[in-house]
2 protein chains.
Amino acid sequence: MTVCLRVYPDRDPQLVAVDADIPQVSVLDLGVTRGDGVFEVLTVVDGRPQAVGPHLRRLANSAAMMDLPPVDLELIGQAARRVADAEYRAGQAHELLVKVVVTRGIEDAAPPSCTCWVVAFPNPDHSRERREGIDVVTLDRGFPHDIAARAPWLLAGAKTLSYAVNKAALREAARRGADDVLFTSSDGYVLEGPSSSLLARFGTRMWTPATAQGVLRGTTQGSAFEYLGRRGFATGEALLRAEALEQADALWLASSSRLIAPIRTLDGRALSVDHGLTDAMNEALLARTE
Amino acid sequence: MTVCLRVYPDRDPQLVAVDADIPQVSVLDLGVTRGDGVFEVLTVVDGRPQAVGPHLRRLANSAAMMDLPPVDLELIGQAARRVADAEYRAGQAHELLVKVVVTRGIEDAAPPSCTCWVVAFPNPDHSRERREGIDVVTLDRGFPHDIAARAPWLLAGAKTLSYAVNKAALREAARRGADDVLFTSSDGYVLEGPSSSLLARFGTRMWTPATAQGVLRGTTQGSAFEYLGRRGFATGEALLRAEALEQADALWLASSSRLIAPIRTLDGRALSVDHGLTDAMNEALLARTE
């Protein structure tokens, strides 16, 4: 099923259960007319939403980059826990997803008021990708790697509802027979996937592309790095040239839904898959208590 | 008021009048969760939608670039005429706008089915901008001018619902004390506004930036060029370097809502405004019979 709560920070009650099968969004809402809003997707294990703090901080950061009013993070966190709990009680699914959406609201409404909802639904089964790995192609994101600081209006590094390019890139990957995309900058640095972060292992060091390049701070990557730190890995952000990936011992894409998926081919070139470390990272992620 | 028709190409009746003040869009619709859809905005004069053919062709082109199923253009055109007529009868507004939205529909719905609606509402009063002109700043769009052919997954030249960057650019313009934006390519060519086309007059020649650069084909610009052709102007598309605009005799931004607005300052530099030609173009546009 799909449990949905509308969030009204300024009304009473502030959280209202609604039927996700009944339309809830106006045709005049800027979320749908302009992709003008922000979102997060949290993974839920046995009813408990994971990495809530990092997700909410990233939501607040995206909203600030979009000049949206401050988001009531405590209320949204409470809503996320409530929908996760209700959906888990209804279906007992081991893994769920919770999506949080905040739009700029109805165009020209007075006073302006964001539209916000939180919805929980089962996570598709990703066990095959986690076990066998995924085929990835690199695609040019079109921007140089230093665009975020120079041109903040391009919203590089904000998780907005304007995801049409990310979806188009995934269709291009499918046309090339691949499962997913690794975006590169126009000047040859690796960035991120359309909805994932890159992890690159060089010996006992694990790097992810620097967020200063307009790359989203990965929540799943962050949890994985905490685990890897406990295992003795050196972890950090780096500027990584695309050709430097040829020297990596292993590569992964990390995301809330699929967790850690090893890259088994990159642009058709076979990579060695580190099954042991992959399984260990996913077990650690699935064992998070929050 | 706001007259709205839902469009169901595969149902009976195919056009259903709905209340725009009641939510019509699901929280699971890819239009709102991913900005995954296309749109057009048509101007309506005395109840008659303008440039319907060019708008519908551009909608079909955007949909094709997004790998959306073919759009029933005849039905959407019929819907546009119906909402324009009903809204005009209700309010007698001289100028209206009609917005057409087609989304990819509910995620993972079986069978997949686009969500489509057409809505009419009064056009805000733009007489001041048409008469006095607008202050415009150039902003880097981040892409080189030849990106569209090289990286079609970036959807340059598709009019998608993912307009967050266009809105952010307008907020940046407001921060700089300006009314609107002229995007430039990362390699120094002028492109278009967030929702407008550039017209640049050099003597008796009138240029607009080449659509091959991932610039939308302007419907209002197209009508204006037809008029200018009848007046003896040479019109066409061109690759225009930003610095070449300093040699232009006059510049305008053309859009469905504001029609032809003269640029009176560009990045703070005063430009001469050709009031006579501006008024003549707007009169010609407002006199279109379709």
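A cavity here is a set of grid points where a 1.4 Å probe fits but cannot get out, and its volume is the space filled by probe spheres set on those points. Keep in mind that this is a predicted model.

With that in hand, how many cavities of 30 Å³ or more does a search of the whole structure find? The search finds one. The largest cavity holds about 40 Å³ of space.

Which residues line the largest cavity? They belong to chain B: B:L191, B:S197, B:L198, B:T208, B:P209, B:T211, B:V215, B:L216, B:G218 and B:Q221. At least two residues of this lining come from strand 9 (197-202) of chain B, and at least two from strand 10 (205-209) of chain B. By type, the lining of the largest cavity has five nonpolar residues, five polar and no charged.

Now the helices. Two packed helices are described by the angle between their axes and the distance between the axes.

I will stay with chain B. Helix 7 (residues 219-230) of chain B packs against helix 8 (residues 275-286) of chain B at an angle of about 110°, and the axes are 10 Å apart. Angles of 65 to 115 degrees count as roughly perpendicular, so helix 7 of chain B is roughly perpendicular to helix 8 of chain B. On the helix 7 side of chain B, the residues that meet helix 8 are B:T220, B:S223, B:A224, B:Y227 and B:L228. Facing them from helix 8 of chain B are B:L277, B:A280, B:M281, B:A284 and B:L285. The residues of this contact of helix 7 with helix 8 of chain B are eight nonpolar, two polar and no charged.

The next pair in chain B is helix 2 (residues 52-65) and helix 3 (residues 73-91), which pack at about 135° with their axes 10 Å apart. That angle makes helix 2 of chain B oblique to helix 3 of chain B. Their crossing is right-handed. From helix 2 of chain B, B:V52, B:L56, B:L59 and B:A60 meet B:L73, B:I76, B:G77 and B:R81 of helix 3 of chain B. Six residues of the contact between helix 2 and helix 3 of chain B are nonpolar, one is polar and one is charged.

Turning to chain A, at what angle do helix 2 (residues 52-65) and helix 3 (residues 73-91) of chain A pack? The angle is about 135°, with the axes 10 Å apart. Helix 2 and helix 3 of chain A are therefore oblique to each other, and they pass in a right-handed crossing. A:V52, A:L56, A:L59 and A:A60 of helix 2 of chain A make this contact with A:L73, A:I76, A:G77 and A:R81 of helix 3 of chain A. The contact of helix 2 with helix 3 of chain A divides into six nonpolar residues, one polar and one charged.

Last, the backbone. Most residues other than glycine have a negative phi, and most peptide bonds are trans.

A:D12 and A:P13 are joined by a cis peptide bond, with omega about 0°. A:P13 sits in the loop between strand 1 (3-7) and strand 2 (15-19) of chain A. In chain B, a cis peptide bond joins B:A110 and B:P111, with omega about -5°. B:P111 lies in the loop between strand 5 (95-103) and strand 6 (115-122) of chain B.

Finally, A:Q92 is a residue other than glycine with a positive phi, near 55°. Where is A:Q92 found? It is in the loop between helix 3 and strand 5 (95-103) of chain A.

Terms used:
Residues numbered from 1 in each chain as written. Chains lettered and ligands numbered in written order. Predicted model: local features only at pLDDT ≥ 70, side-chain atom pairs only at ≥ 80, totals over all residues. Heavy atoms only, no water. Axes fitted to C-alpha atoms, helices over the stretch in contact; angles between N-to-C directions. Helix = DSSP H or I, 4+ residues; strand = E, 2+ residues; numbered from the N terminus. Parallel < 35°, antiparallel > 145°, perpendicular 65-115°, else oblique. Left-handed = near helix turned anticlockwise from the far one by under 90°. Contact = heavy atoms within 4.5 Å. Nonpolar A, V, L, I, M, F, W, Y, C, P; charged D, E, K, R; others polar. 1 Å grid on protein atoms, 1.4 Å probe; cavity = no way out; pocket = protein on both sides within 12 Å on 5 of 7 lines; lining within 4 Å.
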